[in-house]
Amino acid sequence: MSGENDLKSRYQAVMMNAFGPPRKVFVRGEGIHLWDAGGKRYVDLLAGIAVNSLGHGHPAVVEAVTSQLNTLGHISNFFASEAQIRLAERLAAAAGGGKVFFANSGAEANEAAFKLTRLTGRTRLVAMEGSFHGRTMGALAVTHTAKYREPFEPLPGDVTFVPFGDVSALETAVDETVAAVVLEPIQGESGVIPAPDGYLAAARRITSRAGALLWADEVQTGIGRCGELLLSRALGVTADLITVAKGLGNGFPVGACIATGAAAELLTPGGHGSTFGGNPVAAAAGNAVLDVLEDGLLAHVHRVGDWFAAAVTGLHHPDVAGVRGAGLLRGIVLNREVAPRVVELALSQGWVLNAPRPDVLRVAPPLIITEADLEPFVNALPGWLERTDA
Ligand SMILES: *Cc1c(COP(=O)(O)O)cnc(C)c1O
């Protein structure tokens with residue numbers, strides 16, 4: 001077998017430099033653990049960026065995917081499969097009723113939502129400062145980060161950005177020319193920033209009044225990550241468009257745009273499409289994930305997430321300003337911009353996590369993780385923070 005350095009140099013020779021040099025080459029995953037090429041074991045607190053919700057190699061997903069692939073793998077959207085219909089029924093039910101368009105990623109789910117907004121006959125979109133919606137041209141148009149967006153301009157236009165969480169700014173921006181307001185209930189990529197209490201409900205009220213759609217991007221927050229199938233619904237809000245992806249397939253690529261109410265009828269044949277979207281194998285993975293989530297895992301996510309936030313807060317460490325987020329999507333906010341250094345130190349000691357900003361550590365582990373699994377991380381954190389002084 002090739003050594004890690006050899007694999008890293010082969011990677012750099014042949015892979016486009018979209019992600020910088022890889023930090024590790026992993027060879028195996030099981031549950032909450034990963035192993036590198038040298039046989040070293042890691043606890044995975046990143047879960048492939050909030051994706052591996054049931055952990056690596058979960059038997060329910062492995063069984064669902066392999067048996068579906070053995071039975072019927074792909075048929076195109078000229079045809080239907082029961083796995084796809086069943087997953088659509090469950091996602092629509094989670095939204096309180098509606099209809100589903102399947103995609104293969106978060107950006108693609110958002111692309112579908114973006115196109116639906118155009119079918120309202122209006123073109124203006126209102127998006128949030130700090131937003132992240134993906135890297136395709138449409139998703140990028142509503143993504144705020146200038147360094148992601150600007151090299152690719154002109155993007156689909158008519159987007160106004162407003163400060164996230166500011167109700168009166170939203171009220172001012174949304175009039176009867178607006179097709180949709182797009183927001184994340186918690187901005188994950190921006191550093192795990194939850195919308196202030198009542199903001200989603202205000203956005204619902206403001207969009208309804210203007211006849212605009214409310215588009216909730218739950219690609220990161222949805223499908224159990226925050227202890228709910230859909231966080232927006234748990235906050236008492238039914239959006240017109242809800243996009244999900246990351247955790248839905250436990251690593252098998254699948255995304256969906258769920259539309260409720262009149263928005264569910266916007267799409268007509270020819271308006272949008274996808275070769276792979278909602279194929280039987282992807283749908284089987286999604287169904288397996290929902291089976292496990294609905295079998296008691298959501299309550300576990302609440303309990304472990306709350307325990308973790310309290311444990312980190314309880315360190316009373318001078319570098320820790322607080323813990324934000326919900327369920328098992330948590331940001332440890334630091335008083336110094338040392339998060340990337342902590343990520344490096346943690347990795348060297350067998351913990352995988354990332355720093356979405358220089359002062360925030362993101363913890364988004366497999367949802368099956370326990371308090372006992374997380375306790376050594378909490379205990380090690382002060383030591384890593386102290387070593388960043390050097
Ligand atoms: C990750 C993410 C996306 C993009 O998903 P991809 O699968 O990478 O295309 C979109 N929206 C949110 C909120 C995300 O966190």
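Which residues does Arg-135 touch, not counting residues up to four places away in sequence? In this predicted model, the residues in contact with Arg-135 under that condition are Ala-107, Leu-140 and Tyr-148. Arg-135 itself is situated in the loop that connects strand 5 (124–128) with helix 6 (137–141). An unreviewed UniProt entry assigns the feature "binding site" to Arg-135 and also to Ser-274.

Ala-107, one of the residues touched by Arg-135, also belongs to the set of residues around the ligand. That set consists of Ser-105, Gly-106, Ala-107, Asn-110, Phe-132, His-133, Gly-134, Glu-184, Asp-217, Val-219, Gln-220 and Lys-246. By residue class, the shell comprises 3 nonpolar, 6 polar and 3 charged residues. Helix 5 (residues 106–118) supplies the largest share of the shell, namely 3 residues.

A polar backbone atom of Gly-106 is 2.8 Å from an oxygen atom of the ligand. For Ala-107, a polar backbone atom is likewise found 2.8 Å from a ligand oxygen atom. In the case of Asp-217, a polar side-chain atom is placed 2.7 Å from a nitrogen atom of the ligand. The ligand taken alone exposes 380 Å², of which 81% is buried by the protein.

Ser-274 counts as buried because its relative accessibility is 19%, and the cut-off for a buried residue is under 20%. When residues up to four places away in sequence are not counted, Ser-274 is in contact with Asn-77, Phe-101, Phe-102, Asn-104 and Glu-108.

A further annotation concerns Lys-246, a member of the shell around the ligand. At this residue, the unreviewed UniProt entry records the feature "modified residue: N6-(pyridoxal phosphate)lysine". Lys-246 lies in the loop between strand 11 (241–244) and strand 12. With a relative accessible area of 22%, Lys-246 is classed as partly exposed. The contacts of Lys-246, again leaving out residues up to four places away in sequence, are Ile-49, Ala-50, Val-51, Glu-189, Val-219 and Gln-220. Among these contacts of Lys-246 are Val-219 and Gln-220, which are also listed among the residues around the ligand.

Note on methods: Residues numbered from 1 in each chain as written. Predicted model: local features only at pLDDT ≥ 70, side-chain atom pairs only at ≥ 80, totals over all residues. Heavy atoms only, no water. Near = heavy atom within 4 Å. Polar contact = N/O pair within 3.5 Å; in protein donor to acceptor, adjacent residues only side chain to side chain. Areas by Shrake-Rupley, 256 points an atom, 1.4 Å probe, with all protein chains shown as cover. Helix = DSSP H or I, 4+ residues; strand = E, 2+ residues; numbered from the N terminus. Nonpolar A, V, L, I, M, F, W, Y, C, P; charged D, E, K, R; others polar. UniProt positions renumbered as here; feature names shortened; annotations may be inferred. Contact = heavy atoms within 4.5 Å. Buried < 20%, exposed > 50% of the residue type's maximum accessible area, 1.4 Å probe, protein only.
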